[in-house]
Each structure stands twice: as structure tokens, then as C-alpha cells.
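I opened the model and kept notes as I went. The entries follow in the order I looked things up.

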Amino acid sequence: MEYSPPPLFKQGASARVKMTVFACISIALLLVDSHMRTLTTVRQVAGTVLYPLQMAALMPRDAIYGVGDYFSTLSSMEKQVRELRRQQILNSTALQQAQLQSAENAQLRRLLDARQHLPVKTMLADVLYDARDVNSRKIILDRGTRHDVTLGLPVIDNQGVVGQVTRVFPFTSEVTLLSDKEQAIPVQLLRNGLRSVAYGRGKSGNLELRFTAPNADIQVGDIVVTSGLDGVYPAGLAVARVSQVENSAGGSFGGVVCQPLAGIMNNTQLLILMSTPEMPPRPADEEPRALRKHNNKMAPIKEAPKEGVDGQPAAAAPAATNGAPGLIPVMPPPAPKPAAQTPATDAANQSKEPAR
């Protein structure tokens with residue numbers, strides 16, 4: 001019997017033969033292409049024909065990569081947006097701080113310039129906060145008795161008068177603003193020197209010149225300065241600008257409303273005048289006088305004057321009036337002049353003579 005190989009062996013042998021043939025053909029083509037450059041056109045045509053098939057085969061892979069890149073890009077963009085927002089907030093905060101410092105520096109320069117023109121010693125103070133009472137116009141400064149701050153010292157800024165120190169603590173002090181209802185300051189108009197007193201109007205933040213004559217020479221826009229008559233504020237400090245003039249024809253006084261020039265609610269640094277103007281001493285008060293009754297009447301005469309021997313009235317004793325307290329001394333009446341003798345007067349004299 002003849003031996004026959006199994007079918008699988010025959011298929012494997014044929015496959016090896018085919019692979020060997022294809023390998024030889026490939027090697028031959030590589031040698032021909034490397035030396036003769038004849039397959040370039042064939043390769044370009046094959047690549048052009050197979051490119052759509054290649055792209056179609058790569059579409060699932062590209063889709064998967066695209067989805068991954070989309071989500072990763074979205075996450076990275078969100079992180080980048082958050083970082084940019086945080087950086088923007090930090091930059092805006094730094095910008096605000098820079099603007100605040102620039103404004104404070106400008107205000108400090110103005111305060112230093114105003115300090116050079118003041119004749120008294122000043123102290124720079126920071127505004128801590130407003131007073132708790134909403135009905136009053138007060139602020140708290142960071143200077144107190146430890147810094148030689150005393151009651152009554154005026155407080156100003158580079159534009160004018162702000163107020164006066166009304167309460168002092170060891171490390172802080174309370175300043176009552178000019179616009180407070182309990183504040184009053186003697187002022188005068190810069191244009192004509194008209195003197196008056198400015199009173200605060202409370203929450204409105206304005207001042208009022210009370211008890212001014214209806215025909216007083218006051219115009220809108222006039223500058224009001226301190227007169228220095230109170231011995232607290234130096235003369236010539238700017239106080240307010242006249243904003244409204246009300247002349248009442250039927251009344252005895254007119255109303256004048258003024259707008260303060262100082263930045264009362266805007267400044268964070270103020271100047272405290274550490275000394276008040278030197279004023280000459282006030283004259284001594286007059287002694288109280290006792291009330292006198294019947295000041296416009298003649299003092300009563302205690303005793304009627306007696307007639308003398310020769311018919312002339314006797315002089316009143318001065319001790320009778322000088323001894324009475326609270327009475328104006330009365331001088332003795334002058335002696336009557338001799339009159340011409342007439343029958344009527346003779347008869348009257350005879351009737352007055354006592355019977356003997």
C-alpha cells in the first residue's frame with residue numbers, strides 16, 4: 001500500500017510554498033524599486049485608491065480619541081476658567097487697594113500742605129468708625145489722652161472745619177461734626193465780613209445761619225469762614241458755602257442754609273489742632289447788683305420837714321435817708337424864694353399863725 005500524507009499536511013505545505021513565492025516576489029520588487037525607481041507611480045496610485053478605505057477604517061479609533069480629547073479639553077478649560085477668575089479677583093482686590101492707597105496718599109499730601117499753612121500744632125488722626133447713635137453726627141478717632149488730646153480741640157481737613165472733640169478716652173476720642181444739631185460755631189462771610197452763628201441741621205448734613213436780618217447782604221455761593229470770636233477755632237478757616245437764602249418779608253429774621261466744605265463723610269484721615277488760639281483774658285464779670293425797688297420813683301420821705309422859727313422849713317437830716325439800705329439818697333429841697341406880698345398871701349399867713 002502506498003502512504004498518503006494527511007490533508008492538513010498538504011495544506012500547510014502549499015501555504016509555505018505560497019509564502020515563499022510571495023516573499024521572493026516582494027524581495028524582487030524591493031530590489032527593482034530601489035535600483036530602478038519604477039514602482040513610485042504604482043505606489044501613489046495604490047495609496048490614492050486605498051486612502052478612503054483607510055480613513056473609513058480609522059474612523060472608530062478617531063471617534064474614540066476625539067471623545068476623550070473633548071472631555072479632557074473641557075475639564076482643562078474649566079480649570080483654566082476657575083484659575084482665571086481667581087486671578088481676576090486677586091487682581092481687582094490689588095487694584096482697589098492700590099486705588100485706595102493712591103487716594104490716601106493724595107489726601108495725606110493735601111493734609112500736610114494744609115498743616116504747613118496753620119499757625120498752630122496739629123496731629124494726624126485716622127477715623128475708626130461712626131458713633132452708634134444714628135440721630136447724632138459723630139465719629140471716633142484713634143487718638144486720645146495718651147496722645148495729649150483734650151476736650152474742645154477743633155478737627156479739620158484740607159478743605160475746612162470738620163468738628164470739635166467732645167469726649168476723650170485713653171486711646172480714642174469722639175468728634176461731634178458741625179452738622180450735628182448740638183453744634184454751633186461763630187462765622188463770618190468772607191466777602192463782606194458779616195458775622196453770624198452757624199448751627200447744625202442734623203441728618204440733612206447742612207448748616208444754618210440763624211437770626212439773620214431779612215435784608216442782610218448774603219448771596220448764594222458766599223464762602224463762610226470762622227470768625228475766631230469763640231476762642232476755639234482759629235479765624236479764617238473755611239466752614240461752608242451758602243446754598244440757599246430765604247428772605248421772609250413778613251418775618252423779622254431770614255433763613256440761610258449752607259453746605260459744609262469739609263469732606264465730613266469722605267475722609268479717613270483728619271487733623272486735630274492741638275492748641276486753641278491765644279486770646280487776651282476776658283474782663284472780670286461785674287458784681288451782681290441788688291434789685292432796687294421804686295427805681296424810677298422818688299424815695300419816700302420818712303418825716304415831714306418841720307418849719308423853723310422864722311417860717312422857713314428845716315433841713316432834713318441826711319442820716320434819715322442814708323441809713324435806709326437800697327434807697328437813692330434824697331437831697332434837701334431848696335429854700336423858696338420870697339414872693340411879693342399881696343393881700344391874699346397876708347391873709348393866708350395870718351390864718352397859719354397859731355392862736356395865742
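I took the bend at a residue as the angle between axes fitted to the seven residues ending there and the seven starting there. Helices (H or I, at least four residues) and strands (E, at least two) are DSSP runs, numbered from the N terminus.

This is a predicted model, with local features needing pLDDT of at least 70, side-chain atom pairs pLDDT 80 or more, and totals for chains, interfaces and linings using all residues. Residues are numbered from 1 along each chain as its sequence is written, and side-chain values use heavy atoms, without hydrogens and water.

**Helix α2.** I looked for a kink in α2 and found one of about 45 degrees at L50, shortly before the proline P52.

Which residues of α2 are buried? I found Q107, L111 and A114. Buried means under 20% relative accessible area, with a 1.4 Å probe and protein chains only. These residues pack against β1 (122-130) and β12 (269-273).

**S227.** I found S227 in the loop between β9 (223-226) and β10 (238-246). S227 counts as buried because its relative accessibility is 11%. Leaving aside neighbours within four places in sequence, S227 is in contact (heavy atoms within 4.5 Å) with P186, V187, Q188 and A235.

**C258.** With neighbours within four places in sequence again left aside, I listed contacts of C258, including N206, L207, V224 and A240.

Conventions:
Buried < 20%, exposed > 50% of the residue type's maximum accessible area, 1.4 Å probe, protein only.
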